[in-house]
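Please open the model in your viewer and keep the sequence beside it, so that each stop on this tour can be selected in turn.

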Amino acid sequence: MNMSGAVGGKSFTASARLKSGPSFEEILKNVEWPEQFPFKEEDFKRFDESSDQLFYEAPRFVTHIDDPAIAALTKYYSKVFPPSNSPGVCILDMCSSWVSHFPPGYKQEQIVGMGMNEEELKRNPVLTEYVVQDLNVNPKLPFEDNSFDVITNVVSVDYITKPLDVFKEMRRILKPGGLAIMSFSNRCFWTKAISIWTSTGDADHGLIVGSYFHYAGGFEPPQGVDISPNPGRSDPMYIVYSRKLSTV
C-alpha cells in the first residue's frame, strides 16, 4: 500500500507498503519500510507552537478518553503487565498525569511517572516517584540503561515532536525483552498534536507509531491491536507495541 496522498492540502508521502489487509491488526504485518525515515521536519510541526510548559501549566483532573475506552485499556494492561508485586519489576509511564489506567490495586517496587504537570503527577496513586520533563525540549530520559521492564504512553504519542530521539531513549532504558506500549485514540488537543497526525486517520496512525519503533532500531517488528470496546458507539482505542531485542 502506497500512502502517498493529499490530505487537507498537505502531501503525506510515507511510502510504507502493506502486503496484507486493511484491519488495524494487519496494518503492521509485512510492512516494506522505506530505507530512510519517510517523514520530514515539517510533519512534526503543530498548529500551536507556543510553549508546552505554558499549555500544561494548569492541572487538568479529567480523563481524555471515555470510560469504555479506559476499561478496555485497563483490561489490556491486566493481560500483558508482569504480575503485581513482582520482584525487581520497574515500569515507566511516559506523558503521565493524575491517572495511569493501570489495573486496580496494581503495584510494583518502582512505577515512575514522567509528565508535564507536577500537581497531576502528585495525585497519581499508582506512582512510586515522578519526573517533570518536557520531552519536546529535552528527549533525553534521566534513567540508567536497561532499567525498565515496561514503558507505557497513553494518548500522548501524537504530541511528541522528536519521536526518533524519544524512541531511541526508550530502547536504551528498557531491559532486553522489555515491552513498550503506545496507546491512542482519535481524540487529542489538535492544536498541540503533530501535523502528520492531524492530517491522517487511525490506520495511518498505526503506521506512524510503528515507524518510530522501526527506525529507532533495536526493537522487534511492531504490532498493532485494536481494543476499541464499542466501535462507532464509544471512543476507539488502539495499541502499537514492541519489545526491545534481547541482543541489544
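How many disulfides does the structure hold? Select the cysteine sulfur atoms to begin: a disulfide is a pair of these within 2.5 Å, and the structure holds 0 of them. Before going further, note that this is a predicted model, in which local features need pLDDT of at least 70 and side-chain atom pairs count only at pLDDT 80 or more, while totals for chains, interfaces and linings use all residues. Residues are numbered from 1 along each chain as its sequence is written, and side-chain values use heavy atoms, with hydrogens and water left out.

Select C90, which counts as buried because its relative accessibility is 11%; buried means under 20% relative accessible area, exposed means over 50%, and partly exposed lies in between, using a 1.4 Å probe and protein chains only. Then select C95, which is found in strand 3 and is partly exposed, with a relative accessible area of 26%. Helices (H or I, at least four residues) and strands (E, at least two) are DSSP runs, numbered from the N terminus. The phi of C95 is near 55 degrees, a positive value in a residue other than glycine. Another stop of this kind is N30, in the loop between strand 2 (10–12) and helix 1 (52–55), where phi is positive at about 60 degrees although N30 is not a glycine.

Now move to strand 4 (residues 110–115) and select I111, which lies in it. Is I111 buried or exposed? I111 is buried, because its relative accessible area is 0%. Leaving aside neighbours within four places in sequence, I111 is in contact (heavy atoms within 4.5 Å) with I91, F102, Y106, V126, L127, T128 and E129. If you also select V89, you will find that V89 and I111 are 22 residues apart in sequence and 8.6 Å apart in space, from C-alpha to C-alpha.

The aromatic rings make the next stop. Rings of Phe, Tyr and Trp (its six-membered ring) pair if their centres lie within 6.5 Å, and planes under 30 degrees apart count as stacked, over 60 as edge-to-face and the rest as tilted. By this rule the count comes to 20 aromatic pairs. One of them joins Y77 and F102 edge-to-face, with 5.5 Å from centre to centre and 90 degrees between the planes. This pair links distant parts of the chain, since Y77 is in helix 2 (residues 67–80) and F102 is in the loop between strand 3 and strand 4, 25 residues apart. Y77 counts as buried at 0% relative accessibility, and F102 counts as buried at 9%. Next, select F143 and F148, which also form an edge-to-face pair, at 5.0 Å centre to centre and 85 degrees between the planes. F143 is buried, with a relative accessible area of 14%, and F148 is buried, with 1%.

Ring pairs also link W33, F37, F39, F44, F167, Y212, F213, Y215 and F219 into a cluster. Keep F167 selected, for F167 is also among the buried residues of helix 4. Helix 4 (residues 163–173) is mostly covered, with 8 of its 11 residues buried. These buried residues pack against strand 3 (90–96), strand 6 (148–154), strand 7 (174–184) and helix 6 (202–216).
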